[in-house]
Amino acid sequence: MTEEEIIARVADALPPYAQGLGLSVDRVEGRMPVIAMPFGQRVEGRPGYLHGGSSSGLLEIAGFTALQTHLALQDRAAKLKPVNVTVQFLRGARSETTYAVGRVTRAGGRTANVDIEAWQSDRAKPVATAVMNFILSDA
């Protein structure tokens, strides 16, 4: 699967919630989609800062898309059921585009684990991270 195919596949599968947050696929890094969320009133918390719920939504969608992409690259079809999401807010996210990408740490027969990182202008200074655990079942 090419990078363009990954971007098109993920973009077509984004749920309405992602569209409500204004999320899009920015690019592919290491065969994983990087999800972008532009800053705007709909994702603003306190003035000039991203709302924590918006950050969490971005991390969750990045986790889903990373696992979906990982499984697609292995020609595996599975239903994904999130078990839990743990978010760590590291710094206030300011009024600029926020990016997130997930990394599948394990995808076994019945469970999967994904680490997700979100950043803004400086990739070395993440604004939030998350860990998601999934149950995988037959599609």
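These legends walk through several close-up views of one predicted model. Residues are numbered from 1 along each chain as its sequence is written. Because the model is predicted, local features need pLDDT of at least 70 and side-chain atom pairs count only at pLDDT 80 or more, while totals for chains, interfaces and linings use all residues; side-chain values use heavy atoms, with hydrogens and water left out.

**View 1. Six strands make an open sheet.**
Follow the 6 strands in the order β1-β2-β4-β5-β6-β3, and you will find that the pairing is antiparallel. Strands here are DSSP runs of E with at least two residues, helices are runs of H or I with at least four, and both are numbered from the N terminus. Two strands count as a pair if DSSP finds at least two bridges between them. β1 and β3 stand at the edges with a single partner strand each, so one side of each has no neighbour in the sheet. From one strand to the next, the twist averages 25 degrees. Look also at β2 and β4, which run antiparallel and are joined by 3 bridges. Here methionine 37 stands opposite threonine 98 in β4.

**View 2. Helices lie across the sheet.**
Helix α1 lies across β1 and β2, and runs at about 150 degrees to β1. Helix α3 lies across β2, β3, β4, β5 and β6, at about 45 degrees to β4. For these angles, axes are lines fitted to C-alpha atoms (for helices, over the stretch in contact), and the angles run from 0 to 180 degrees between N-to-C directions. Contact means heavy atoms within 4.5 Å.

Buried means under 20% relative accessible area, exposed means over 50%, and partly exposed is in between (1.4 Å probe, protein chains only). In soluble globular proteins, nonpolar side chains tend to be buried together. Leaving aside neighbours within four places in sequence, leucine 23 is in contact with Leu14, Ala18, Ile35, Ala36, Met37, Leu58 and Ile61.

**View 3. Charged side chains meet in salt bridges.**
A search of the whole structure finds 5 salt bridges (a side-chain nitrogen of Lys or Arg within 4 Å of a carboxyl oxygen of Asp or Glu). Arginine 27 has a salt bridge with aspartate 26, where the closest N and O atoms are 2.3 Å apart. Arginine 27 also has one with glutamate 29, at 3.1 Å. Asp26, Arg27, Glu29, Glu117 and Arg123 are linked in a network of salt bridges. Aspartate 26 is partly exposed at 37%, as are arginine 27 at 29% and glutamate 29 at 27%.

The side chains of arginine 103 and aspartate 115 meet in a salt bridge of 3.1 Å, N to O. This pair links distant parts of the chain, 12 residues apart: arginine 103 is in β4 (residues 98–107) and aspartate 115 is in β5 (residues 111–119). Aspartate 115 is partly exposed, with a relative accessible area of 26%.

**View 4. Threonine 129 has a polar contact with glutamine 88.**
Find threonine 129 in strand β6 (residues 128–138). A polar contact of 2.6 Å joins its side chain to that of glutamine 88. A polar contact is a pair of N or O atoms within 3.5 Å; within protein, one must be able to donate a hydrogen and the other to accept it, and residues adjacent in sequence count only if both atoms are side-chain atoms.

**View 5. Two loop residues have positive phi.**
Which loop holds arginine 31? Arginine 31 is in the loop between β1 and β2, and its phi is near 70 degrees. Aspartate 75, in the loop between α3 and β3 (78–89), has a positive phi of about 55 degrees although it is not a glycine. Arginine 31 is partly exposed at 41%, whereas aspartate 75 is exposed at 74%.
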